[in-house]
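Please read the following points alongside the model, taking them in order.

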Amino acid sequence: MKDMTTIPYEEKSMGTPSFPAGFEAKLRGKTLEEQMACYRITEITEISSYSYGSPGESRTQKTTFPLAEYSGCRGLVVKDGLLVGVSILAYDRRPRACLAGQGVCTYFSSDDDGTGGSSRSDCTRLDCVV
């Protein structure tokens, strides 16, 4: 694991992590590196297209990584010694907290040429491994 910046958790600006029952107890007493093994990052890309007057179509692709192997992680969000989230770059290229059980939009585009349109959204989600 590369040296990772730790960021103090701030509920007011970051929101609230969503843990499965008993998950916080699973993390207690472990190092941050050991806690990282309890998480996965899922990248979700959804591409939609439509023509006026006909039903649209949508494709979704998901890719999952162990947290320790995810290159998009910019830091670890920590609360009372527990890993509760990560910092990643959002669609506006600013770091955002991605908390346990939640996601962050990392890219969005939309196009409409008058006869139909298309859109793409990329999101990153931090999943707890029970």
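1. Contact is taken here to mean heavy atoms within 4.5 Å. Leaving aside its neighbours within four places in sequence, S87 is in contact with I7, G72, C73, R74, G75, V77, P95 and R96. S87 is buried because its relative accessible area is 7%, where buried means under 20%, exposed over 50% and partly exposed in between, with a 1.4 Å probe and protein chains only.

2. On the basis of these points: this is a predicted model, in which local features need pLDDT of at least 70 and side-chain atom pairs count only at pLDDT 80 or more, while totals for chains, interfaces and linings use all residues. Residues are numbered from 1 along each chain as its sequence is written, and side-chain values use heavy atoms, with hydrogens and water left out.

3. S87 lies in strand β5, strands being DSSP runs (E, at least two residues) and helices likewise (H or I, at least four), both numbered from the N terminus. Strand β5 (residues 82–89) pairs with β6 in the antiparallel sense over five bridges, two strands being paired if DSSP finds at least two bridges between them. The bridge partner of S87 in β6 is A97.

4. The open sheet that holds these strands has four of them, in the order β1-β4-β5-β6, and its pairing is mixed. β1 (6–8) and β6 (95–99) stand at the edges with a single partner strand each, so one side of each is left without a neighbour in the sheet. Neighbouring strands of this sheet are turned by 35° against each other on average, direction ignored, with axes that are lines fitted to C-alpha atoms.

5. Strand β2 (residues 39–51) runs antiparallel to β3 and is joined to it by ten bridges, and T42 has T64 in β3 as its bridge partner.

6. A search of the whole structure finds three aromatic pairs, meaning rings of Phe, Tyr and Trp (its six-membered ring) with centres within 6.5 Å, counted as stacked with planes under 30 degrees apart, edge-to-face over 60 and tilted for the rest. F19 and F23 form a stacked pair, 5.7 Å centre to centre with 20° between the planes, and both are buried. The rings of F23 and Y39 have their centres 5.4 Å apart and their planes at 75°, so this pair is edge-to-face. Because F23 lies in helix α2 (residues 23–27) and Y39 in strand β2, the pair ties together parts that are 16 residues apart in sequence.

Definitions and conventions
Axes fitted to C-alpha atoms, helices over the stretch in contact; angles between N-to-C directions.
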